[in-house]
Amino acid sequence: MANIVGFVFLCGLVLIRAAQPREDVLQKLQDISQLRSLGLAFAEFFKDITLDDLDIRMPRLPTEADELCHSDMSQFMTALKTGEVWALKMIDSWGSIPSGLLTGNTYDLGNFDECLNIKEGISESRVIRGKYCFLEVSFGQLLGVNNPKLAALSFNSAACFPASCSAAHMNAFVGQLMNLFLNSNITITGMSISDSSCQTSESEPWDGLKIFTVVILSVMGSAVGLFTLVDYFFCTNQNEVPVIVKIFSARANSRALFHIVQNKSNPNVIECLHGIRCMSLFWVIVAHLYGANMINACMNIFQMLTWLKLPFSSFIAHAGFAVDSFLFIGGLLVALVTLRSMDRTQGKINVLLMYLHRWIRIFPILAIAILVYTNLMTAVAHGPLLKSGYTGKSACETGWYWTLLFVNSYTKAKCLSHSWYLSVDMQLFMISPILLISLYKWGKKAAAAIFVLIVLLSGCLFATMMVNNYTMQIMNGGKDGTQALYNATHTHATPWLIGFLFGYFLYLNRGKQFQLSWVVVWAGWGLCLAMIFTSIFALYPSTQSGAAPLSTLAESFYYTLTRVGWPLALCWVVFACMQGYGGLANSFLSSPLWQPLSKLSYSVFIWHLFIMEINERSVRSNSYFSDYQVMMKFWSTLGFSLLLSYLMYLLIEAPCGGLDNFLRSRKKPTNDKTLNRVSDQTEQNKHNDDRTSDLKVTEATAQTSSD
């Protein structure tokens with residue numbers, strides 16, 4: 001979010017500078033206004049010239065491709081003069097100079113489908129097809145302004161040419177045309193088309209990885225479909241369904257997914273975790289949708305300069321606290337549930353099995369997500385902005401293994417930009433056996449050592465910001481500290497460790513009812529809400545016009561203290577809800593309706609960016625930034641993310657989880673009832689899966705499976 005704020009702020013400075021016009025600039029603007037509709041201007045111009053007048057031949061010996069492009073261009077210009085429909089469509093699909101450049105509108109998308117649907121047969125063996133490309137124009141160079149900041153701004157306008165012409169041909173054509181039409185010598189860097197922005201109606205051939213992805217999904221889909229039919233038609237007694245059928249049956253897994261446990265049915269249940277997890281997930285999705293305005297064709301992106309001064313924007317700018325909530329829940333459940341299971345094993349813990357269980361839970365869906373994001377996004381959707389695929393595609397192609405090794409929290413290349421959180425959570429989970437064994441053997445002495453570790457890590461965060469002059473607010477002018485301060489595990493471990501200690505506290509006081517006076521309860525809620533709203537709104541005054549920028553010292557104190565204050569506030573929320581002091585908050589967060597979504601939260605977290613990128617990049621017209629528009633996008637993104645997550649849950653997540661439970665159950669004696677509940681345990685045994693979205697189960701189901 002800091003990068004978005006910084007970009008908008010920089011653009012605002014450029015606009016202020018650009019708002020001081022000179023006479024020569026105004027004259028240039030008057031000349032350029034003639035090209036407001038580029039397609040019509042070019043069409044009118046074509047009537048009086050020939051292809052030879054433009055001289056688009058390359059400064060080298062012509063190749064077969066050069067000759068084919070030259071021939072198709074001749075056919076196009078001839079057809080245009082005679083008024084043939086296909087040639088008129090090619091011109092009609094062009095964009096123009098976007099209106100609202102000074103409000104951040106940098107795209108005119110033209111008519112994408114009209115261009116790609118052009119298919120004119122010239123002869124039996126020759127067909128002219130449309131090629132849709134973006135003509136990138138430097139605003140400063142077009143105006144002839146020697147301002148480096150203004151020259152850095154550019155806009156993109158749609159252009160449509162015969163598919164046989166490459167970007168080099170089109171650049172030569174556009175350059176000559178602009179020179180003749182405007183009497184302007186615009187350089188190739190000032191106005192150019194790149195092959196990477198061009199699309200045709202012809203599908204690219206599938207490579208081996210794309211075929212592999214489809215085969216994997218097809219095999220899993222066939223297995224799920226087959227065993228679902230067996231379950232439906234041949235298993236009349238659900239108490240005698242074979243284990244392998246329950247593992248793959250969509251019917252059985254759906255029953256487990258949508259099974260709702262009534263509140264208070266288990267005294268060890270922490271019901272409010274469902275609501276905290278789901279609300280944090282919504283917060284993450286909404287924040288990503290606001291950021292998505294930076295990758296789509298938004299006509300008023302500079303409106304964010306005004307929006308950032310509103311109190312509501314603080315909720316989005318500080319959505320990173322949702323990640324702290326997930327880390328807090330993760331640490332809490334790892335400590336609480338594992339310590340309870342260690343009670344039954346006299347303090348023994350199978351570390352390798354613990355790691356294997358976590359890997360099986362996280363890895364399959366993450367690996368499939370990388371395959372789908374990388375190979376199938378452009379196969380299932382297409383649009384003007386989808387040519388380059390999703391954000392971070394190059395990082396996935398070159399550094400996917402960092403994500404699967406769960407170390408991309410320390411690398412710049414992040415395949416699936418939101419997967420850094422899984423790396424942080426996994427790395428903390430890897431050290432959890434040391435902390436668990438220490439707590440079980442040395443009790444409060446080990447807890448004191450963990451407290452000291454929290455203090456040291458907080459000091460590390462503070463010192464890192466001070467020494468390096470890091471900032472999370474780009475407007476402050478310091479170095480961007482996102483990688484070192486936000487993504488790094490050692491600087492983001494504090495919420496997880498606080499949750500871990502709180503889980504130990506609940507373990508020590510299991511079954512105990514605390515009798516608190518109303519003064520203590522109100523004081524607890526008051527302090528809790530004070531920490532929550534201070535964390536969100538403390539930086540709000542610094543966003544106002546005329547406010548002095550935050551000093552490094554002030555910002556260091558803010559990020560250090562809020563990384564401790566936020567999880568401490570959640571400690572009170574959970575404690576109050578468990579002890580019966582939650583009131584309306586407990587009624588809302590502990591509602592049974594959260595349970596199915598809570599179980600799907602890992603998949604929703606993984607797949608919501610896939611849906612979001614498709615929605616934003618497949619648009620055919622410019623979008624408009626407003627809170628209302630983002631809220632509408634939220635519901636569509638959430639709805640389709642839930643559908644896709646449910647499908648992937650049935651195909652990948654539930655079968656892998658069922659196989660894991662089946663293998664674990666074979667290692668210890670079990671009765672028929674337990675064996676018949678293997679499919680239900682797909683949502684159980686997840687006391688080690690406490691991450692944003694992989695926290696799909698409650699402490700209750702984790703405890704039940706451990707029992």
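A disulfide is here a pair of cysteine sulfur atoms within 2.5 Å. The structure described below is a predicted model, and it holds four disulfides. When the bonded cysteines of the protein chain are numbered in sequence order, they pair as 1-5, 2-4, 3-6 and 7-8.

One of these links joins Cys69 to Cys165, with a distance of 2.0 Å from S to S. The disulfide is right-handed because the torsion about the S-S bond of Cys69 and Cys165 is about 95°. Cys69 belongs to helix H5, which covers residues 64-82, while Cys165 sits in the loop between strand E4 (154-162) and helix H10 (167-182); the pair therefore ties together parts that are 96 residues apart in sequence. Both Cys69 and Cys165 are buried.

Strand E4 also takes part in another link. Cys115 and Cys160 form a disulfide in which the sulfur atoms are 2.1 Å apart. About the S-S bond the value is 90°, and the link of Cys115 and Cys160 is right-handed. Cys115 lies in helix H7 (residues 112-116) and Cys160 in strand E4, so this pair ties together parts that are 45 residues apart in sequence. Cys115 is buried, as is Cys160.

A further disulfide is formed by Cys396 and Cys415, whose sulfur atoms are 1.7 Å apart. The link of Cys396 and Cys415 is right-handed, with 85° about the S-S bond. Cys396 is in helix H20 and Cys415 in the loop between H20 and H21, so that the pair links distant parts of the chain, 19 residues apart. To count as buried, a residue must have under 20% relative accessible area. Cys396 therefore counts as buried at 2% relative accessibility, and Cys415 is buried with a relative accessible area of 0%.

Cys298 is buried, with a relative accessible area of 4%. Cys528 is in no disulfide: the nearest cysteine sulfur, which belongs to Cys577, is 9.4 Å away. At 1% relative accessibility, Cys528 counts as buried.

The description now returns to helix H20, which spans residues 393-404 and contains Tyr401. Because its relative accessibility is 35%, Tyr401 counts as partly exposed. Tyr401 contributes to a nonpolar surface patch of about 470 Å², together with Trp400, Trp402, Leu405 and Val407.

Most residues other than glycine have a negative phi. Leu416, in contrast, has a positive phi, near 65°, and is a residue other than glycine. Leu416 counts as buried because its relative accessibility is 2%.

A positive phi is also found at Asn469, where the angle is about 55° although the residue is not a glycine. Asn469 is placed in the loop between helix H22 (444-468) and strand E6 (470-471). Its relative accessibility is 36%, so Asn469 counts as partly exposed.

Definitions and conventions: Residues are numbered from 1 along each chain as its sequence is written. This is a predicted model: local features need pLDDT of at least 70, side-chain atom pairs count only at pLDDT 80 or more; totals for chains, interfaces and linings use all residues. Side-chain values use heavy atoms; hydrogens and water are left out. Patches are made of residues with over 30% relative accessible area and no salt bridge: like charges are joined within 9 Å, nonpolar side chains (Val, Leu, Ile, Met, Phe, Trp, Tyr) within 5 Å. Accessible areas come from the Shrake-Rupley method with a 1.4 Å probe; for residues, only the protein chains shown count as cover. A salt bridge is a side-chain nitrogen of Lys or Arg within 4 Å of a carboxyl oxygen of Asp or Glu. Helices (H or I, at least four residues) and strands (E, at least two) are DSSP runs, numbered from the N terminus. Buried means under 20% relative accessible area, exposed over 50%, partly exposed in between (1.4 Å probe, protein chains only).
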